[in-house]
Amino acid sequence: MLQFLLRRLFFTTFLLTGVVMITFALARLIPGDPARLIAGARANAEAVQNVRDSLGLDLPVWQQFERYVTHILQGDFGTSVVTRRPILDDMTVFLPATLELVIYAAVLSVLLGVAAGTLAAVRASRRADFAVRGGAVLGLSVPDFWIALVAQLIFFASLGWLPFGGRLPTGAAPPEAFTGLYSVDSLLAGDLALFGTVATHLLMPVVVLSIPSAAIITRVVRTTMLDVLNEDFIRMAWAKGLRPRAVYLRHALRNALLPVITVFGLNLGVLMSGAVFIELIFDWPGLGRYTADSIASSDYSAIMAITLVVSVAYTVINMLVDLSYAVFDPRVR
């Protein structure tokens, strides 16, 4: 087990080093002069040169990379051209909003995917199976931004059941910040009315964001569940006279869930990328919208920081997924 852990940590460290190098290289390939972008369009040549000197853009590439890594290790990602604030402060503000969407969407996608996939496997080649498989295909085929627009048209414009977007109504005060997640902070503050308001604003974007991931998990669970149901130990369970619920849930589903761990880790990256469109459509003040604004304004430093943070997070998540296999699967240990 220790050898497995050390091997995974070594490869993760190697991969993170590659991520930092690729991020640095891609940033240097972005068209335009970053010194001009930071100094402003009306800055004179002297002001632009001062910015270039302060950023070390005239230094050799290897020295620029050394400065880049040193600043990252110190938590210094530079200053945003748009907000004129340290990028780390911006991400501290915007990241919790995205995490709130992604966490709830990930949990919902697992619950829906496991339930639907199990139902499809148990009712294989029946109406329920055809309905679940059709829904999974639609969930993977239809773009999530189109689903978001249709959901707004139905539940906001036509029925008026849910708000259009945003984390809170205009003018409403957010809860006292403990975690940055409004749903958690409102509960910690004991304000159930505010929690209900937060939940209504979360419902539509979370459901829309979870649909593609739920469709993937549904297909994986159905396939693995069908394979497990044909194993000898399942036939033995039936021969012992166990109830169908015990056979399906206790014996079959537990063994079919191992591939879901891998899919869940990969889906977190899908959810992070999908959050960009969802946040734009639902006016959600998260890291996705901050990313879109940075790209639109060619915010050189912010784009580098966001790319690095998301890449590192995705790499660490995949390492944790690999380690979780050693916990849930004795064969890995």
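In this predicted model, the second largest pocket is lined by 16 residues, among which Leu99, Val102, Met272, Ala313 and Ile317 lie nearest its centre. Two or more lining residues come from each of the elements α5 (87–122), α12 (258–281) and α14 (300–328), and α5 gives the most, with 6 residues. The space in this pocket amounts to about 200 Å³, a pocket being an open set of points on a 1 Å grid, fitted with a 1.4 Å probe, with protein on both sides within 12 Å along at least five of seven lines, and lining residues having an atom within 4 Å of a point.

Local features need pLDDT of at least 70 and side-chain atom pairs pLDDT 80 or more, whereas totals for chains, interfaces and linings use all residues. Residues are numbered from 1 along each chain, and side-chain values use heavy atoms, without hydrogens and water.

Valine 228, found in helix α9 (residues 192–229), is buried, with a relative accessible area of 9% (buried, under 20%; exposed, over 50%; partly exposed, in between; 1.4 Å probe, protein chains only). Beyond residues up to four places away in sequence, Valine 228 touches Phe233, Ile234, Ala252, Asn255 and Ala256, contact being heavy atoms within 4.5 Å. The C-alpha atoms of valine 228 and alanine 256 are 6.5 Å apart, although 28 residues separate the two in sequence.

Leucine 159, in the loop between α7 (144–158) and α8 (182–188), counts as partly exposed because its relative accessibility is 41%. Together with Leu153, Ile154, Phe155 and Trp161, Leu159 makes a nonpolar surface patch of about 510 Å², such patches joining nonpolar side chains within 5 Å in residues with over 30% relative accessible area and no salt bridge.

Methods:
Patches are made of residues with over 30% relative accessible area and no salt bridge: like charges are joined within 9 Å, nonpolar side chains (Val, Leu, Ile, Met, Phe, Trp, Tyr) within 5 Å. Accessible areas come from the Shrake-Rupley method with a 1.4 Å probe; for residues, only the protein chains shown count as cover. A salt bridge is a side-chain nitrogen of Lys or Arg within 4 Å of a carboxyl oxygen of Asp or Glu. Helices (H or I, at least four residues) and strands (E, at least two) are DSSP runs, numbered from the N terminus. Grid points are joined across faces, edges and corners, and a volume is the space filled by probe spheres set on the points.
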